[in-house]
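Thank you for asking me to look over this structure. My comments are set out as numbered points below.

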Amino acid sequence: MGSKSVEQKTGQLVLPGERLGVIEEFVPDAGTFVKDGVIYSKVVGRALLDLATRRVSVHQVGRQALIPKVGSIVMGQVAGGQSDSVSVRIFQIGDKQISNVFVGVLHVSDANIRYVDSMHEVCKAGDIVRARVISDKNQVYHLSTKDRDLGVVYAFCSNCGGTLEPRRQGMHCSKCGRIEERKATVDYGKGLI
Ligand SMILES: [Zn+2]
């Protein structure tokens with residue numbers, strides 16, 4: 001494998017320190033380093049040769065630790081809370097399901113653009129919410145649902161557990177007829193992401 005040219009290695013997995021070519025032939029790009037005129041891979045990844053520009057790059061693969069970051073859109077289930085904040089068990093970051101559980105905090109001041117008096121108007125325990133991470137200081141993931149596409153994507157009746165459907169006046173339980181309030185997303189009930 002070490003003697004193959006980068007043309008043959010394109011798309012293949014390469015290891016850190018693996019020789020990719022020489023600077024007389026190729027242009028080193030992302031994921032590479034040059035020593036004594038030789039281009040090596042800096043990471044574990046897939047080698048790529050751009051035939052037009054002769055640029056050689058290596059695109060990192062493998063297990064990237066998935067943790068919520070500021071700006072991440074996450075999905076989670078409301079675990080419970082009080083009138084001023086709830087905790088959310090995050091189970092998805094972006095479009096990736098995660099196995100380890102992170103707990104986010106959604107405060108009433110970050111729940112809606114308009115003023116909200118209590119989290120009871122926003123979500124209830126068991127609801128599925130889509131939120132943005134706005135702070136990760138000290139591994140506490142503060143969430144916001146202020147955008148139109150953020151908020152509750154699935155809500156469950158606190159009386160009977162039925163799925164709530166959005167109506168002009170609040171969220172309606174088709175099973176027991178109860179009407180509740182939520183800060184629902186514009187695409188409520190249409191899928192998780
Ligand atoms: Zn109900």
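1. Basis of the note. This is a predicted model, in which local features need pLDDT of at least 70 and side-chain atom pairs count only at pLDDT 80 or more, while totals for chains, interfaces and linings use all residues. Residues are numbered from 1 along each chain as its sequence is written, and side-chain values use heavy atoms, with hydrogens and water left out.

2. Cys160, in the loop between strand S13 (151-154) and strand S14 (164-166), and Cys176, in the loop between strand S15 (171-173) and strand S16 (179-180), are 16 residues apart; strands are DSSP runs (E, at least two residues), numbered from the N terminus. Cys160 is partly exposed at 32% relative accessibility, and Cys176 is partly exposed at 33%, where buried means under 20% relative accessible area, exposed over 50% and partly exposed in between (1.4 Å probe, protein chains only).

3. Aromatic pairs. Rings of Phe, Tyr and Trp (its six-membered ring) pair if their centres lie within 6.5 Å, with planes under 30 degrees apart counted as stacked, over 60 as edge-to-face and the rest as tilted; the count by this rule comes to three aromatic pairs. One of them joins Phe33 and Tyr40, whose ring centres are 5.3 Å apart with planes at 25°, so the pair is stacked. Phe102 and Tyr141 form an edge-to-face pair, at 5.6 Å centre to centre and 85° between the planes. Because Phe102 lies in strand S10 (residues 96-107) and Tyr141 in strand S12 (residues 141-144), this pair ties together parts that are 39 residues apart in sequence. Both Phe102 and Tyr141 are buried.

4. Salt bridges. The whole structure holds nine salt bridges, each being a side-chain nitrogen of Lys or Arg within 4 Å of a carboxyl oxygen of Asp or Glu. Among them, Arg130 pairs with Asp187, with the closest N and O atoms 3.1 Å apart, and this links strand S11 to the segment after S16, across 57 residues. Arg130 is buried at 6% relative accessibility, whereas Asp187 is partly exposed at 22%. Asp147 and Arg132 meet in another salt bridge at 3.0 Å, N to O, with Asp147 in the loop between S12 and S13 and Arg132 in strand S11.

5. A nonpolar patch. Leu13, Leu15 and Val44 make a nonpolar surface patch of about 240 Å². Patches are made of residues with over 30% relative accessible area and no salt bridge, with like charges joined within 9 Å and nonpolar side chains (Val, Leu, Ile, Met, Phe, Trp, Tyr) within 5 Å; accessible areas come from the Shrake-Rupley method with a 1.4 Å probe, and for residues only the protein chains shown count as cover. Leu13 lies in strand S1 (residues 13-14) and is partly exposed at 39% relative accessibility.

Definitions and conventions:
Helices (H or I, at least four residues) and strands (E, at least two) are DSSP runs, numbered from the N terminus.
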